[in-house]
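Please open the structure in your viewer and keep the selection panel at hand.

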Amino acid sequence: MRVAFTTLGCKVNQYETEMLSEAFAREGYEVVDAEDFADLYVVNSCTVTASGDKKTRQLLRRLKKQNPGALAALTGCYPQAFPDEAAAIPEADIVTGSRNRAGLLAAVRTACETGQRVVAIQPHERGEGFEPMRVSGLRGRTRAFVKIEDGCERYCSYCIIPKARGPVRSKPPEELRAELADLAANGYREVVLAGINLSSYGKELGLRLIDAVELACSVGGIERVRLGSLEPELLTGEDIARMASLPKFCPQFHLALQSGCDRTLRAMNRHYDTAEYARIAADIRRAFENPSLTTDIMVGFPGETEEDFAESLAFAREMGFAKAHVFAYSPRPGTAAAGRPGQVPNAVKEERSRRMIAAMDEVRSAFLLSQLGRTEEVLVETTRSPLGYEGFTKNYTPVYLNCAEKLCGTICKMRLEAVLDGHCVGTLVP
């Protein structure tokens with residue numbers, strides 16, 4: 001039986017899809033590309049935005065239209081957050097959620113044996129543990145993402161994820177060490193520790209994120225350890241100091257800002273203000289020799305005035321981000337912010353997005369120029385670029401480089417000599 005997977009959403013979803021793909025392969029399924037003809041299509045959904053749900057429904061309709069005889073399975077965050085809505089999608093023959101990923105195999109077997117539709121969404125509950133899962137790698141990727149945490153209890157007023165992902169739970173250290181050892185044995189030199197709220201790792205185990213970082217850096221064969229997105233206020237000065245003492249640690253910090261206006265941050269139910277954010281950024285820059293800070297910035301949150309936006313824009317400029325993902329607020333049904341008064345008109349949100357993006361492009365250009373003249377270690381990707389291949393430095397500066405294909409997956413010294421299309425251009429140092 002041929003099975004094809006499509007992943008929507010975050011790096012954690014990508015990791016979970018890889019886990020499912022390997023599990024299906026062990027059961028004798030032939031895993032094919034998402035665009036290929038298959039007997040079973042699995043859609044691993046994202047529900048961060050309402051438009052993401054719409055995209056999931058459209059994808060299921062398209063898959064069924066192009067291959068009416070195939071089974072379609074819907075899994076992931078969308079069914080978990082909105083089980084009744086997802087269960088009502090006629091094109092989905094099998095519906096499971098984000099809690100029991102391993103249960104998808106059993107649901108598919110039941111549907112095949114009975115010919116009946118299967119809906120099996122387990123609700124989240126307090127005290128549930130981290131679902132055991134591991135991968136041997138990520139197909140087509142030079143670095144490996146490793147999910148070490150699930151769940152979120154921050155309850156930002158715009159976010160549905162606590163409903164979709166449940167309480168915080170963490171991968172036990174012994175499981176993490178075993179998975180990392182396997183990845184190293186399979187040739188992966190860099191790992192990215194990922195989670196739904198990564199900063200909360202270890203909360204229920206009496207551990208902290210730094211414990212997982214130090215463990216990962218201790219695994220032989222792993223040469224680089226990188227972190228996914230972080231909640232800034234959960235990163236302490238001690239954490240930063242311990243990370244700075246680890247030669248394998250990559251000094252790129254994705255600190256989710258969301259807004260540079262304190263009034264807006266309070267309305268969002270974020271758990272820091274701009275002063276604390278700036279202090280943490282300064283701590284990082286003092287501790288590391290050449291770090292980079294990246295972030296997410298939302299514009300047009302309900303009640304955001306032109307003065308609020310100007311304050312956010314000024315703060316974002318001041319932070320000197322290496323890169324910022326800018327996006328306009330969109331109401332998410334089921335969240336506190338969706339029904340608030342003061343919804344900003346779409347035209348205003350689009351105009352503020354353009355201004356913020358232009359400002360962040362300027363800041364990014366300044367960061368890339370600051371990297372010129374440096375000799376950096378670059379992990380060579382398999383991704384093709386206008387000059388041959390692409391790679392990333394330890395602080396995640398993207399580099400175009402002209403080198404032999406045999407260097408893909410290796411770490412080479414490069415001198416950064418120019419800027420081209422949002423990348424530095426690197427020359428191999430013998």
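Select Gly187 first: this residue follows helix α7, and its phi is positive, near 100°. Helices here (H or I, at least four residues) and strands (E, at least two) are DSSP runs numbered from the N terminus. The model is predicted, so local features need pLDDT of at least 70 and side-chain atom pairs pLDDT 80 or more, whereas totals for chains, interfaces and linings use all residues. Residues are numbered from 1 along each chain as its sequence is written, and side-chain values use heavy atoms, without hydrogens and water.

Next, select α7 itself, residues 173-185.

Now colour Leu176, Glu179, Leu180, Leu183 and Ala184, the buried residues of α7 (under 20% relative accessible area, with exposed meaning over 50%, partly exposed in between, for a 1.4 Å probe and protein chains only). Seen down the axis, these buried residues fall within an arc of 140°, so they line one face of the helix; the arc is taken from the directions from the helix axis to the C-beta atoms. An α-helix has 3.6 residues a turn, so residues three or four places apart point the same way. On the other side of α7, Glu174 and Ala185 are exposed.

Finally, display α1 (11-26), β7 (144-150), β9 (190-195) and α8 (209-217), which are among the elements covering the buried residues of α7 (contact means heavy atoms within 4.5 Å).

Conventions:
The expected span of a helix is 1.5 Å times one less than its number of residues.
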